[in-house]
Amino acid sequence: DLARSIQDVCEEIVLRMARTAHRETSSRNLCLAGGVALNAVANGRVLREGPFEHVWIQPAAGDAGGALGAALLAWHRYFEAPRSALPTDSMNGAQLGPSFTDEEIASALQESGAVFSKLGDDAIISKTAELLANEQVIGWFEGRMEFGPRALGSRSILADPRSPKMQSLINLKVKFREGFRPFAPSVLENRASEYFDLEGESPYMLIVAPVREERRLPLPEGSDRWGIDLLNEPRSDIPAVTHLDYSARVQTVNSARTPAYHALIAEFDRISGCPLVVNTSFNVRGEPIVCTPQDAYRCFMRTHLDYLIAGPFILAKSEQPSF
């Protein structure tokens with residue numbers, strides 16, 4: 001298979017380059033950028049098999065990340081700011097995009113003719129977690145928009161990873177794409193090792209890691225399914241985010257980067273016993289990730305999302321006027 005062969009060669013080249021860099025520098029740390037650094041499978045192998053203790057990948061590693069480089073160049077060269085390497089991730093979750101006040105969100109929803117209600121901070125988290133546990137698919141619009149190609153809990157579509165039907169349902173009825181396309185898990189950082197063979201963090205969804213052996217489910221004996229038909233067989237106790245090879249593209253979540261998103265997953269864990277959710281970008285195929293409240297409402301109404309959570313506001317699809 002041509003695509004698989006190219007992937008294998010890419011992984012081997014990236015691993016060899018990483019080992020060469022380590023041999024030349026003796027550094028314990030590796031930073032990756034460039035379009036190939038979006039290859040989460042290769043990144044996972046570098047983390048597991050490479051010689052580095054810490055691997056950090058620029059979240060907008062493709063061409064769009066050049067904007068960040070240009071800003072840093074101006075900051076250091078023209079404003080003569082010192083270069084300082086911090087021991088923590090100073091990108092703080094890549095939340096570099098716009099945010100909207102509650103008043104701005106409410107005004108946008110009113111202008112769109114939306115029917116909505118407002119809840120307090122704790123209530124909106126509790127209600128959303130309850131909806132997820134009942135297999136409702138949620139559009140989640142909260143805080144500043146993420147920088148880069150991945151939705152990281154600010155402009156996301158969320159669902160229950162335990163549901164065997166969720167992968168196909170979201171692909172066909174929300175994203176309008178092939179039913180076999182995989183989704184990623186957002187997992188509480190301190191619980192990730194219970195589900196994945198992953199050491200350290202993966203805040204930008206750029207590392208593929210194996211699902212732990214004890215979480216996997218064997219194929220039924222005598223099954224003659226193959227190829228795409230294998231997708232109909234659950235691969236683990238979190239089937240909506242488990243690839244055919246028993247891996248997943250993991251995002252680890254902590255309260256420092258995304259406090260509201262972390263609180264939501266923690267509440268979902270409290271009521272369901274599962275410390276992760278399905279996370280895919282809040283958009284449909286061929287369109288960019290939603291940015292504004294107006295974008296979020298349009299996407300919500302044009303898809304089969306069940307609910308939209310926009311800041312403190314909750315919208316049920318069944319209550320909305322025709323669009």
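This is a predicted model: local features need pLDDT of at least 70, side-chain atom pairs count only at pLDDT 80 or more; totals for chains, interfaces and linings use all residues.
Biologist: Which helix does leucine 72 lie in?

Modeller: Residues are numbered from 1 along each chain as its sequence is written, and side-chain values use heavy atoms, leaving out hydrogens and water. Helices are DSSP runs of H or I with at least four residues, strands are runs of E with at least two, and both are numbered from the N terminus. Leucine 72 belongs to residues 66-78, which form helix 3.

Biologist: Is leucine 72 buried, partly exposed or exposed?

Modeller: Buried means under 20% relative accessible area and exposed over 50%, with partly exposed in between (1.4 Å probe, protein chains only). The relative accessible area of leucine 72 is 41%, so this residue is partly exposed.

Biologist: What separation do the C-alpha atoms of leucine 72 and serine 163 have?

Modeller: Along the chain, these two residues are 91 residues apart.

Biologist: Nice. What radius of gyration does the chain have?

Modeller: The radius is taken over C-alpha atoms, and the globule rule is 2.2 Å times the number of residues to the power 0.38. For 323 residues, a compact globule would come out near 20 Å, and the chain agrees, with 20 Å.

Biologist: And what percentage of the chain's residues is buried?

Modeller: The chain holds eight helices and 11 strands. Of its 323 residues, the buried ones make up 47%.
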